[in-house]
Amino acid sequence: MAPVQVPDAADVRNILLFGLPQTILAYIALTIAAPNGARSGAQLVILLVSASLAAYGVWLGIGLLRRRIRSGVLIAAVVLALLALVRLALSLVGADAHLMSASG
């Protein structure tokens, strides 16, 4: 069995940047895009892109963890990216439901 390794700081930084800050930027963009609260196609695209980036961050983190590269900061980064992905997914479901009810 291979020994546990310390992650590269750049890898952890990438995972962090795909997680929480990406989610915050998405919500800022969504707030600017629709001041009246109505959801549009542009907002759906912003949510999809943000969720994709958060999923990529989770995928990178899990890849590092599977290679036995571990640290507390790496685990925290993966958990934050996963929480951001869940929140964005919930927003997508809400946006999808809102778009469906508006069109139907």
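Student: What should I keep in mind about the model before reading any values?

Tutor: This is a predicted model in which local features need pLDDT of at least 70 and side-chain atom pairs count only at pLDDT 80 or more, while totals for chains, interfaces and linings use all residues. Residues are numbered from 1 along each chain as its sequence is written, and side-chain values use heavy atoms, with hydrogens and water left out.

Student: How many helices and strands are there in the protein, and how do you know where they lie?

Tutor: There are four helices and zero strands, and from the N terminus on the order is α-α-α-α.

Student: Why is Ser-50 called buried?

Tutor: Buried means under 20% relative accessible area, exposed means over 50%, and partly exposed lies in between, using a 1.4 Å probe and protein chains only. Ser-50 has a relative accessible area of 2%, and therefore counts as buried. Ser-50 lies in helix α3, whose buried residues also include Gln-43, Gly-57 and Gly-61. Taking contact as heavy atoms within 4.5 Å, and leaving aside neighbours within four places in sequence, Ser-50 is in contact with Gln-22, Ala-26 and Leu-88. Across the protein, buried residues make up 28% of the 104 residues.

Student: What makes the largest nonpolar core a core?

Tutor: A nonpolar core is a set of buried Ala, Val, Leu, Ile, Met, Phe, Trp, Tyr and Cys residues joined through side-chain atoms within 4.5 Å. The largest has ten residues, including Val-12, Ile-15, Val-58, Leu-74 and Ala-77. At least two come from each of α1 (9–18), α3 (41–66) and α4 (72–103), with α4 giving the largest share, four residues. A second, separate core of seven residues includes Leu-30, Leu-47, Ala-54 and Leu-88.

Student: How do you know that the length of α3 agrees with its number of residues?

Tutor: The expected span of a helix is 1.5 Å times one less than its number of residues. For the 26 residues of α3 this should be 38 Å, and because its end C-alpha atoms are 37 Å apart, the two agree. Just after α3, Arg-68 takes a positive phi of about 60 degrees.

Student: Which residues is Gln-5 in contact with, and why is Gln-5 called partly exposed?

Tutor: Gln-5, in the segment before α1, counts as partly exposed because its relative accessibility is 41%. Leaving aside neighbours within four places in sequence, Gln-5 is in contact with Arg-68, Ile-69 and Arg-70. The C-alpha atoms of Gln-5 and Arg-70 are separated by 6.2 Å, although the two are 65 residues apart along the chain.
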